[in-house]
Amino acid sequence: MRKQTIIGLDIDKQYAQITYYNERNLEPETVSKSDSQDRYLIPVPEDLFSLIESSVELGLMTLANFLKTCVAGIRPAVQPEYICMMITMKEMDTPWPEALKDACEMMGMHRNNIFLQTHRESLAYYALNQKRDLWNHKVALFEYDDTDILSYIMNVDYATKPALVKVEKGHVLNLGKQGKMDTNQWNEFRDEKFLEMIQDVFESGTFSSVYLIGDSFDKTWAVESLHHLCFRRHVFQGRNLYTKGACYAAMDRLGVGKKLDNYLYYSEDMVDTNLSMQMEIRGRNREYQIINAGINWFEAEHICEFIPDDTQEIVIYGKSILGEETESFSIVLKNMPERPDRTTRLQMKAKFIAAGKCKVTIRDMGFGEFYPASGLVWESILEV
């Protein structure tokens, strides 16, 4: 049986980076355009984001072709059907989740081998795969993005089992452009403001390590700020943290590499409610799981078919993993065709469309040649 290639792909508006792991690698390896390790960046088509966000067909084709270009950099070459890929972006907003999955299918990948997460989760997986002394306490990341410096703070809460890993957005520093300031003034201004930002962030506790992302971080201007940053802390600068973190996350999904069973990444994107139905399966009444809690909302979807009893109501149960009581959601199938008992087949698709919102679509599939499908569709939004 041919082994899979595990990929982490980071996509931003200007550049993408790709990291892969297979049985030949000891660690995930980021693809470089040359022997120089600084050539990680793959230019993103200039109109890709606007095309995808306009939901035009050309956008999907452009995205699929771009994904092929990214994967083509892996040596030896890999076939799409043997790829498992985690795609990471700063935010995984609609319509990107669906577009990414559709584009991956267009290039020949299996849909259940496509995973999605934000940069914050990629930071968590990268950090957890480093030596323990680098994340004994909090972890900070500063990203210099054009005119702004963004900060993220990772913390592990051991009060629960598994321990909850959280990455929260911290302060944002808007530096703007150099404008009319001369170089010395501009450097002193940035150094002073960044130092103030660091001090504000570090007021929240003890930090084991700090990561700097962005070419604009430079010792020529960040003199006092870097001196303060490096005092009794491990500080790292690079640009492929997110793509490596995505690769580590995909490896974790497949049970490869470091075991992280004792840790659960928790964020506002996570589905914290199990959705289920009561079904008769092989003669026994059982709980049928529709959506499992613990995954990101933009990955949560399930399709199934079933034959209902003599009823025009479908009941879905929601149970929060945070310990709240079970609640029920009733979906009434109005105007359902009158047929003998157990001669109707329904298809149900449950798909989260935002955090806390699950769209349920039920279709009448008829019953073979005896009762053709009516074409009726019932939709409902569950607030969970």
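This note goes through the predicted model point by point, from the whole chain to single residues.

1. Basis. The model is predicted: local features need pLDDT of at least 70, side-chain atom pairs count only at pLDDT 80 or more, and totals for chains, interfaces and linings use all residues. Residues are numbered from 1 along each chain as its sequence is written, and side-chain values use heavy atoms, with hydrogens and water left out.

2. Overall make-up. The protein chain has seven helices and 20 strands. Helices (H or I, at least four residues) and strands (E, at least two) are DSSP runs, numbered from the N terminus. The C-alpha trace spans about 85 × 45 × 45 Å along its principal axes.

3. Burial and surface. Of the 384 residues, 46% count as buried; buried means under 20% relative accessible area, exposed over 50%, and partly exposed in between (1.4 Å probe, protein chains only). The chain exposes about 20,400 Å², and carbon and sulfur atoms supply 46% of that area. Accessible areas come from the Shrake-Rupley method with a 1.4 Å probe; for residues, only the protein chains shown count as cover.

4. Contacts. Among contacts with a separation of 6 or more, 65% are between residues 24 or more positions apart. A contact here means heavy atoms within 4.5 Å.

5. Strand S8 (residues 148–157) and strand S9 (residues 163–174) run antiparallel and are joined by nine bridges; two strands pair if DSSP finds at least two bridges between them. A hairpin of five residues leads from S8 to S9, and Ile-153 stands opposite Glu-168 in S9. On strand S12 (residues 263–265), the arrangement with S9 is parallel, with three bridges. Ala-163 stands opposite Tyr-263 there.

6. A nonpolar patch. Val-56, Leu-58, Met-61 and Met-106 make a nonpolar surface patch of about 350 Å². Patches are made of residues with over 30% relative accessible area and no salt bridge, with like charges joined within 9 Å and nonpolar side chains (Val, Leu, Ile, Met, Phe, Trp, Tyr) within 5 Å. A salt bridge is a side-chain nitrogen of Lys or Arg within 4 Å of a carboxyl oxygen of Asp or Glu. Met-61 is found in helix H2 (residues 57–71) and counts as partly exposed because its relative accessibility is 40%.

7. Leu-26. This residue lies in the loop between strand S2 (15–21) and strand S3 (29–30). Leu-26 is exposed, with a relative accessible area of 83%. The C-alpha atoms of Leu-26 and Leu-51 are separated by 38 Å, and the two residues are 25 apart along the chain.
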